[in-house]
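Hello,

Here is the structure I said I would pass on. My notes on it follow below.

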Amino acid sequence: MAGAGGRGGRRRGRARPARRQHPAAARLRRDHRQRPPGHVPARPGHRREARRLGDGPVQRRDGAAAVRAAADEPGRRDGPAGRRTAPGVPRCLRTATASPATTCSPRPRYWDRETAAVVLARTGPQPPLRFFAPAEEATARALVDLLLDHPDVPLLPMIDARLAERQTDGWRYADMPEDDEAWRRTLRALDDDADGPFAALTEVQQRALVGRVRELHGERWHGLPARHVWSLWTRYACTAYYAHPTAWNEIGFGGPAHPRGYLRLGASLREPWEVADAHSHPPRPPDHQPVRPPPPATDPGRHSRLRAAAATVRANAAAEREVRRTNSSAWLLPRDGRGLDHALLRDMRRYDDRDEVDLLIVGCGAGGATLAQRMARHGWSVVVLEAGPFWDPLTDWVSDEAGSHHLYWTEPRVISGADPVPLGANNSGRGVGGSMVHFAGYAPRFHPSDFHTHALDGVGADWPIDYADLRDSYRRLEYELPVAGQYWPWGEPHPYPHPPHPVGGNGEIFLRGAAALGIQARVGPVAITSGRFGRRPHCIYRGFCLQGCKVNAKASPLITHVPDALAHGAEIRADSMATAVELGPDGLACGVRYLRGGREHLQQARTVAVAGYAIETPRLLLNSACPRFPEGLCNEHDLVGRYVMVQGAPQTSGRFDEEIRAYKAPPPEVSTEQYYETGPDRPYKRGFTIQNISPLPITWAEHVVAQGHWGADLRAYLSDYVHWATLGAMAELLPQPDNRVTLAAETDRHGLPVAEFAFSQCENDRRLIRAAREVMEDILRAAGASEVITIDRYAHLVGGCRMAADHWSGVVDHRLRTFAVPNLLITDGSVLPTQGSANPALTIMALVDRAAGLLAAGARSGLRAPS
């Protein structure tokens, strides 16, 4: 049995053993040597280190996109001294003493060991192909060469390895087969179009056939939708190439930046090891579209600068003192603030499956981890089932875009509808910490109007609670994460406990364009430490926030709530895939079935909470069908899985003569909520926000491919990577009943039906996204962009088990208890009735904070709960 003989002993029935103090809790009282809030310790020898970094990442401009300079010409991308390196062995991978160009260091200087191992694996000899047959290999090699204009590195082995190991993105279109089968079918189709081996054609003939697939777009090609075939090819090809250091040199990307980080964040500022771009003028004609007149300026709230500054100072002074009293997680990390204290895991209390624990939680993300920490503090016995592993930031996360694939939920899912939403990395987390492990760190509040959109604007739904019900919870969580930013004038004006971070080149462009148009903009709010907090260090601005923060500066439940939960007796049972919620003879939840180590278990509990997020929570309830609920648990009114929402998240990029180097600093820095509310003069209801974002090379390649560029044209655009600034919108798309999660016909590796997510936009959604694009394009042009491009995207899944005033309208009540099974709670983003134009993480945690208080206060209300 799982947990048998564990350190916490075994419990049976309702007998409660004497609680013993966790060693970490005892250490807390002894550890008072903390630095004051906002203190940033000096980095010993940092200036000395900076002088040694001339041998850092080179930035060549070779290949189709090259504008070649003489070897002695300033600004050449092959290093300060104009030294060349062998293809595929960039200087950032060589030691200072390595003389042959083919010699690689076991670990590149200034990179952490884990990142170096991942990147070096791509630069060395590649294994033999395992997926592609010989005939397929020739066709696939010719196709990839065309898509990326004959890259200097072998890409087919990387693609082959992904397909052989079924390392997909975690989703497929409903009208496409699985990725491995799709590759085989489309390669055969190319050979059919060539009336023989595709590889035997001339390059001009090959280009014509491949270009035809791109031009078909909305039509079908050999029975498959051409645009989805094109997406398949380019996703795999771009991921392989722009994950390689040779491509990083070609485009000027600084590469992994841990542990050294970045110090010079503004436009046209370079670190000592960064080299000036070979040219600053765009290789394409400038975009001369006129800028629309500035929108009418609005006053987002009346407050003096002095009052705003005073409120921020007061919040900062109180932050550590208040937080440590109620959540000691920041003080339970190792003394150097790095990684996770493994003593917490070694000493973690462990329960037996037959122990009827007070609370069993499914999922350890924003909602599940917050609930576990709160209820463990209240003295409840708590077990958390998490499908993914227990991460260690130091050893499990890397400063690498492709190497972070394992952080996402990549189990199979199906997407459909008129406007299907790609999943995988899109707010789908796997492992302790959930999707907040790889969220951007942006943590705004919802506005008061978000809770009454139907009453105010005639759209969406009204929540059964008000903004005032979450005010104290918002403030508590902002202190615990903690959140840094300027005084916030929108919604309900409020300060943040930590001052804002410095602004990088991307943020400077946003501020410049917004000022030119009279648009209010502010720095923050981000859940990233600005100064030391407990044992958590200051941010080093490495730019890999979406890949997991290796320095513990960015908030995630793994470091903000899990340590304190463990110290107060909670057990987090990783690698445990929940399969069904079980009901007892009395109709109440009595436990959860789960798979671990190849065996099925049933953990018993008095109260159950599901926190699997907007896809997996409805899927679990639908997979928990029983005689009382034949269509799925709590689904007697066909509401489970309905009203799933995403935010329209178009991204607009502008090309500037300056070097922006958007990969430095946190991805979101500056934002505006000026367009958040419904406006009487606008042809749509509700609104959107805008923030700057910082796509890394693979994501940026997808951005450019979406414009129709491929081959030499794609490489040319990517070669200008350091010159592009990017803004992203979050548009509030409306809840619709047919945007829903259902069970697909196929099953996963556990034999469970997988989720199918169908999504279609309404006309209001389209108008809102179009308006957001126009404003972002105006801001970038006003800032001086010579060219502007936009890609349509989605972000932030919520809904599926909405909160409502009665069981006819929703699945849970204001306490997050399900109407149908009162001791079953849903504590994640699936309960949101509307989504606002704000990132949902902070609101999810605030809802759970409030629900935990109500749960603790009503523990003796007659339902299964601690006696």
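Leaving out residues up to four places away in sequence, L621 touches G632, L633, V640, C801, L824 and I826. Please keep in mind that this is a predicted model. L621 is part of helix α19, which covers residues 613–622. Its relative accessibility is 0%, and the cut-off for buried is under 20%, so L621 counts as buried. One of the residues it touches, L633, is 12 residues from L621 in sequence, with a C-alpha to C-alpha separation of 4.9 Å.

D748 sits in the loop that links β17 (740–747) and β18 (753–758). With a relative accessible area of 8%, also under the 20% cut-off, D748 is buried. Its side chain makes a polar contact with the side chain of R619, at 2.7 Å. Apart from neighbours within four places in sequence, D748 is in contact with E411, P412, V754 and, again, R619.

The last item is a pair of helices. Helix α4 (residues 134–147) packs against helix α6 (residues 179–193) at an angle of about 85°, and their axes are 10 Å apart. Angles of 65 to 115 degrees count as roughly perpendicular, so that term applies to α4 and α6. On the α4 side the contact is made by E136, T139, A140 and L143, and on the α6 side by W183, R184, L187, L190 and D191. By type, the residues of this contact are 5 nonpolar, 1 polar and 3 charged.

Regards

Key
Residues numbered from 1 in each chain as written. Predicted model: local features only at pLDDT ≥ 70, side-chain atom pairs only at ≥ 80, totals over all residues. Heavy atoms only, no water. Helix = DSSP H or I, 4+ residues; strand = E, 2+ residues; numbered from the N terminus. Buried < 20%, exposed > 50% of the residue type's maximum accessible area, 1.4 Å probe, protein only. Polar contact = N/O pair within 3.5 Å; in protein donor to acceptor, adjacent residues only side chain to side chain. Contact = heavy atoms within 4.5 Å. Axes fitted to C-alpha atoms, helices over the stretch in contact; angles between N-to-C directions. Parallel < 35°, antiparallel > 145°, perpendicular 65-115°, else oblique. Nonpolar A, V, L, I, M, F, W, Y, C, P; charged D, E, K, R; others polar.
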